[in-house]
Amino acid sequence: MSADDSKQVLRKGPGALVSSSKSDRGSETRELLLVTAERLFAEHGVEAVSNRQVSEAAGQSNNSAVSYHFGSKEELILAIARRHAESLELRRTEMLAEISNSPDLRDWVSCLVRPTTQHLASLGIPSWYARFVAQVSTHPSLRERVFKEASTSRSLQQALEGMFRLIPRLPEDVRQERNDMGRLMLVHLCAERERALQAGTANPRSTWTSTADGLIDAIVGLWLAPVSSWR
């Protein structure tokens, strides 16, 4: 190794270490902001919490930490949703592989429900994800952005396609209405259970698994219910 080579290594070494250390701290700060923001949004709603409040609650001396790491509140919310998306996608993909081309509507509805309840069970108590989703789902502009991104999930598309193949023929308005009902049922029942678990109050179901059982029963019944006079 020449003298010039040694100088290059020395120049690179400390620089690389400093860069790596800064990168680690940046990742830790980003993760802390995500966890803190998810909790605050779940507890108080999206509009009631500012980026400054998220930074302060995360113990950041720089009040612009959210802007630095995420750019905007909308991007912060999308980052929180993406933080959970990988687990949901993996669980749903595995379930779809197990049911293959099942003729049972319950199997396909199960692929829409259980990935969420299993993920929530894995988060322990307290968790905030179900209430975060419930808060975002009522926001007039963010809900469209988050749902649009979630709808690009290949496994979600497969589960929905499988379910729609097995439900009775319905007027398009009824089909859209029941689709909304099923989504709201899943989102808000999970949020209610998550809230009750944190508060230690009574819950109709003892586990997330049995909660999923009840949701699947209800959603299957929703899709198979007869249609009374419309309009």
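A: Start with glutamate 89. In this predicted model, glutamate 89 is partly exposed, at 26% relative accessible area. Its salt-bridge partner is arginine 92, with the closest N and O atoms 3.8 Å apart. Arginine 92 is buried, at 7%. Both residues sit in helix α4, and because they are three residues apart, about one helical turn separates them.

Next, a pair between two helices. Glutamate 194 forms a salt bridge with arginine 131, and the closest N and O atoms are 2.8 Å apart. Glutamate 194 belongs to helix α9 (residues 172–199) and arginine 131 to helix α6 (residues 129–137), so the contact ties together parts 63 residues apart in sequence. Burial means under 20% relative accessible area. Glutamate 194 has 2%, so this residue counts as buried. Arginine 131 has 6%, so this one is buried too.

Glutamate 74 forms a salt bridge with arginine 145, with 2.1 Å between the closest N and O atoms. Glutamate 74 is in helix α4 (residues 73–99), while arginine 145 is in helix α7 (residues 142–150). The two are 71 residues apart, and the pair links distant parts of the chain. Glutamate 74 is partly exposed, at 31% relative accessibility. Arginine 145 is partly exposed as well, at 33%.

Conventions: Residues are numbered from 1 along each chain as its sequence is written. This is a predicted model: local features need pLDDT of at least 70, side-chain atom pairs count only at pLDDT 80 or more; totals for chains, interfaces and linings use all residues. Side-chain values use heavy atoms; hydrogens and water are left out. A salt bridge is a side-chain nitrogen of Lys or Arg within 4 Å of a carboxyl oxygen of Asp or Glu. Helices (H or I, at least four residues) and strands (E, at least two) are DSSP runs, numbered from the N terminus. Buried means under 20% relative accessible area, exposed over 50%, partly exposed in between (1.4 Å probe, protein chains only).
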